[in-house]
Amino acid sequence: MLGAMESYEPRVLAPNAPVPDGVVDAGTAPSAERVKELVAGGRPVLVTLVQEDGTGGDAEPDPGLLAAASVYAWLGVRVFRVPEGQVPALRQVLDMVASIQGVRPPTLTRRGLA
């Protein structure tokens, strides 16, 4: 796991993009245990996410896909392959997870004083 405020830059690939050099491909929807094993190996891990309805991804953000992405990101996955239409929402999820983990500052902070 990355230490506090270290550089964190997840990569998002197109659905048909090849696996980059040095990256371990965990496949589509791997188990959490499998992901933990691969992340422990020290190399960046790639997970491919597909929409539950089988569409190409140009519709609304898929809550199931984004929930799975948040779990994988929490476990240490650093490379994601998703349908093009899911990229903006996925980036928000990845930023949120990184902020919660303390590896990137929040984009916006608000302090409420009552």
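**Close-up views of a predicted model**

**View A. Lys-36 forms a salt bridge with Glu-33, with the closest N and O atoms 3.5 Å apart.** A salt bridge here is a side-chain nitrogen of Lys or Arg within 4 Å of a carboxyl oxygen of Asp or Glu. The model is predicted, so local features need pLDDT of at least 70 and side-chain atom pairs count only at pLDDT 80 or more, while totals for chains, interfaces and linings use all residues. Residues are numbered from 1 along each chain as its sequence is written, and side-chain values use heavy atoms, leaving out hydrogens and water. Both Lys-36 and Glu-33 lie in helix α1, three residues apart, or about one turn of the helix. Helices (H or I, at least four residues) and strands (E, at least two) are DSSP runs numbered from the N terminus. Lys-36 counts as partly exposed, at 41% relative accessibility; buried means under 20% relative accessible area, exposed over 50%, and partly exposed in between (1.4 Å probe, protein chains only).

**View B. A salt bridge joins the side chains of Arg-81 and Asp-25 (3.5 Å, N to O).** This pair links distant parts of the chain, with Arg-81 in strand β4 (residues 79-81) and Asp-25 in strand β2, 56 residues apart. Arg-81 is buried, with a relative accessible area of 11%, whereas Asp-25 is partly exposed at 35%. The whole structure holds three salt bridges.

**View C. Strands β2 and β3 (residues 45-48) pair in the parallel sense over three bridges.** Pairing requires that DSSP finds at least two bridges between two strands. From β2 the chain passes through helix α1 (residues 32-40) to β3 in a right-handed β-α-β crossover; right-handed means that, with the strands pointing away from the viewer, the path from the first strand over the helix to the second runs clockwise. Asp-25 stands opposite Leu-46 in β3.

**View D. Val-24 is located in strand β2 (residues 24-28).** Val-24 counts as buried, at 18% relative accessibility. Leaving aside residues up to four places away in sequence, Val-24 touches Leu-38, Arg-43, Pro-44, Val-45 and Leu-46, where contact means heavy atoms within 4.5 Å. The C-alpha atoms of Val-24 and Leu-38 are 7.4 Å apart, and the two residues are 14 apart in sequence.

**View E. Arg-104 and Asp-95 form a salt bridge, with the closest N and O atoms 3.8 Å apart.** Asp-95 is partly exposed, with a relative accessible area of 32%.
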